[in-house]
Amino acid sequence: WPHARLQPTRPRIAKSTPPLGGLATLWKSLNPLEIPRRLRTDHFEQLLVAAALAIGAFVSNMPLGGWQVALAAYVAIRTHVHLLPTVFASLLCLTPVAPFLSNAAIFVGYVILHASVPDLATLVPSELTHWQHMARVPASWLIGSVIVGFCCNWIVLPIFERLFRLIPVRG
């Protein structure tokens, strides 16, 4: 008593590797050679790297004035995705792309808030710097950046997921 088949089986505890220290963990998350290894591991790892890129694309649209990279790093650490692709994708907020994304966010936010199309003077900065221009329309920019961020997320995730599926997985 009790019957052998009715006894709960105890899972065997495998010997685990010792936890990495702070610098070793940081190096592993910043190591660019780790990304190709993870892409060749299995399809779930490919999806995680694609999700990291999509998270970075979403965060890059937030009106944080240069703190997008720090927020992307924080979100990558909290969601346990690879840090480097997330930070790389969050760099969409830099100069060549930033005016287009922020103007698209202002346009979308203005249409949502005011139910009309903004005039061209609202979108095109004249003698103001980029950040001075963006400070004039904070509510439109904030609301529109979330929507444009989700659109970037929906564009980036399927594209990179399909691209990563082309990489052969080690069996």
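1. Phe 160 and Phe 164 are about one helical turn apart, because they sit four residues from each other in helix α9. The model is a predicted one. The two rings form a tilted aromatic pair, with 5.8 Å from centre to centre and 45 degrees between the planes. Phe 160 is partly exposed at 29% relative accessible area. Phe 164 is buried at 11%.

2. How many aromatic pairs does a search of the whole structure find? The count is three. One of them joins Phe 58 and Phe 150: the ring centres are 4.9 Å apart and the planes meet at 40 degrees, so this pair is tilted. Phe 58 belongs to helix α3 and Phe 150 to helix α9, so the contact ties together parts 92 residues apart in sequence. Phe 58 is partly exposed, at 21% relative accessible area. Phe 150 is also partly exposed, at 38%. Ring pairs link Phe 58, Phe 150 and Trp 154 into a cluster.

3. Phe 150 and Trp 154 also belong to a nonpolar surface patch of about 710 Å². Helices α6 (98–114) and α9 (138–165) each supply at least two of the patch residues. Which helix gives the most? That is α9, with six residues. Ile 143 is found in α9. At 31% relative accessibility, Ile 143 counts as partly exposed.

4. Now the cysteines. The structure holds zero disulfides. Cys 151 is partly exposed, with 36% relative accessibility. Cys 152 is buried, at 14%.

5. Last, a loop residue. Ser 60 is placed in the loop between α3 (43–59) and α4 (68–79). Is Ser 60 buried or exposed? Ser 60 counts as buried, because its relative accessibility is 4% and the limit for buried is under 20%. The side chain of Ser 60 reaches the backbone oxygen of Ala 57 at 2.8 Å.

Key
Residues numbered from 1 in each chain as written. Predicted model: local features only at pLDDT ≥ 70, side-chain atom pairs only at ≥ 80, totals over all residues. Heavy atoms only, no water. Patch = residues over 30% accessible without salt bridge, like charges linked within 9 Å, V, L, I, M, F, W, Y side chains within 5 Å. Areas by Shrake-Rupley, 256 points an atom, 1.4 Å probe, with all protein chains shown as cover. Salt bridge = Lys/Arg side-chain N within 4 Å of Asp/Glu carboxyl O. Buried < 20%, exposed > 50% of the residue type's maximum accessible area, 1.4 Å probe, protein only. Disulfide = S-S within 2.5 Å. Polar contact = N/O pair within 3.5 Å; in protein donor to acceptor, adjacent residues only side chain to side chain. Phe/Tyr/Trp six-rings, centres within 6.5 Å; stacked < 30°, edge-to-face > 60°.
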